[in-house]
Amino acid sequence: EFPPEDSGYHTYSETLAEIEEAATDHPGIVDSTSAGSSARGRDIPVVKISDRADVDEAEPEVLFTCNQHAREHLTAEMCLHILRRYTDGYGSNPGITEAVDNREIWIIPMVNPDGATYDVAGADYRGWRRNRQSTPVDLNRNWGYRWGCCGGSSGDPSQPTYRGPAPFSAPEIASVRDFVESRVVGGRQRITAHIDFHSFSELVLWPYGYTTADTAPGMTREQYRRFAELGNAMADTNGYTPMQSSDLYVTDGSVNDWMWAEHGILSFTFEMYPSGGGLDGFYPPDEVIQRETSRNDEAVAMLLDEAGN
Ligand SMILES: CC(C)C[C@H](NS(N)(=O)=O)C(=O)O
Ligand SMILES: [Ca+2]
Ligand SMILES: [Ca+2]
Ligand SMILES: [Ca+2]
Ligand SMILES: [Zn+2]
C-alpha cells in the first residue's frame, strides 16, 4: 500500500477497479482485455477506447504502456489519466470525441504489476526497478531487438539493468509482445504509434537506443527526421527535453527499438516529472499527479493525430 500522504497513487487492485469503473460507466467506448500474466500470476490488463469498442474497425491504433519499471508509479497514473480523459471527455470535448471516433486507443497501465506492488509492500518505498521473477529482470532491457548487443544492459543477474537470460524471458514482456503481435491483422500491424511512460527527467526520447548513430538498418534519414520532428513538437507542448534515446545513454533490448524495428510503430519514451533530484525523484508527492499527468495532454493528442498519417 502507499503511505497515507500518498494515497492518491493507485495500487494494482485500485488500478483494476479504475478499469472496471471506466468499462461500466462507458460501455460503448471501452473494452477491457488482458495481455497475459505476470511472473507472480497477476493479470496484465489492456484497455481499449474507441467508438464501437467491441468491434475491430479499420482505424489507426495507438498504444500507451506504463510502469515497466516498478518504482515509476507516476507513469501508472499517466495511463489512468489517459483512460479517464478519453472516456469522461467523450461527447463533450470535440478533440477527444474526434480521437475516440477515429482511432483505437490501447492502454496498458501496469506492465509490471508484481514490481509495482513489491515496491510499496514494505514500511518504506523500496526503490525497486525490475520485475519479481526469482532472478529479477529489467523489463526495458528484455525486448528482442538487438537484445544485449551493445553494452546497454547487464548480463549480471545482480545488476538493476539485468537483461534476463534471453529476449522475452520475462513473462510480462512476452505478454505485451504477444498483444502487439496480435494487432497484425490481414498482414499489417494496425498500431502505428506508441508512448512508453517512465520517470524521471522530463524527456521525450525516440529510437534507436542501441546505437548513437541517427541512422542504422531499419532507420533511414527521413524516418529519423520524422521521429525528431514529432518528438520536438511534443516536447514543445510539455516542456520536456527532446533527444534520441541513446543521447541519454545507450540501451539495448528497450521497448522503443523493438516497436519500431520489428513493427514500424512510431515509438517514444516519455520520462516524466521531476527534471532532476536524487532517488526521491521516483516518489513525487501525490499532490502533483493531476498537474504532471495533464501536462502531457497536448502531446498525447498530437500523437493520436499523427497516428493517422
Ligand atoms: C528509455 C531509456 C533510455 C531510459 C530509462 N530510464 S529509467 N526510466 O529507467 O530511469 C531506462 O533506463 O530504461
Ligand atoms: Ca499527499
Ligand atoms: Ca472504433
Ligand atoms: Ca482496428
Ligand atoms: Zn523507467
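A: Strands here are DSSP runs of E with at least two residues, numbered from the N terminus. Bear in mind that this is a predicted model. With that naming, β7 (191-199) and β10 (266-272) each supply at least two residues of the shell around ligand 1.

Q: OK, and how many residues surround ligand 1, and which are the closest?
A: The shell has 13 residues, and the closest are Arg129, Asn140, Arg141, Tyr249 and Glu271.

Q: Which polar atoms lie by the oxygen atoms of ligand 1?
A: A polar side-chain atom of Arg141 is 2.7 Å from an oxygen atom of ligand 1, and a polar side-chain atom of Tyr249 is likewise placed 2.7 Å from an oxygen atom of the ligand. On the nitrogen side, a polar backbone atom of Ser199 is 3.3 Å from a nitrogen atom of ligand 1.

Q: How much of ligand 1 does the protein bury?
A: Taken alone, ligand 1 exposes 360 Å², of which the protein buries 95%; ligand 1 sits in the largest pocket.

Q: Switching to the metal: what coordinates the calcium ion (ligand 4)?
A: The calcium ion (ligand 4) is coordinated at 2.3 Å by Asp56 (OD), Glu57 (O), Glu61 (OE) and Glu104 (OE), and along the chain these donors follow the spacing D-E-x3-E-x42-E. Asp56, in the loop between β2 (43-49) and β3 (61-66), and Glu104, in strand β4 (residues 104-108), link distant parts of the chain, 48 residues apart.

Q: And is Glu104 buried or exposed?
A: Glu104 is buried, because its relative accessible area is 0%, whereas Asp56, at 43% relative accessibility, counts as partly exposed.

Conventions: Residues numbered from 1 in each chain as written. Chains lettered and ligands numbered in written order. Predicted model: local features only at pLDDT ≥ 70, side-chain atom pairs only at ≥ 80, totals over all residues. Heavy atoms only, no water. Donors = N, O, S within 2.8 Å, 3.2 Å for Na, K, Ca; no water. Helix = DSSP H or I, 4+ residues; strand = E, 2+ residues; numbered from the N terminus. Buried < 20%, exposed > 50% of the residue type's maximum accessible area, 1.4 Å probe, protein only. Near = heavy atom within 4 Å. Polar contact = N/O pair within 3.5 Å; in protein donor to acceptor, adjacent residues only side chain to side chain. Areas by Shrake-Rupley, 256 points an atom, 1.4 Å probe, with all protein chains shown as cover. 1 Å grid on protein atoms, 1.4 Å probe; cavity = no way out; pocket = protein on both sides within 12 Å on 5 of 7 lines; lining within 4 Å. Sits in = over half its atoms within 2 Å of the grid points.
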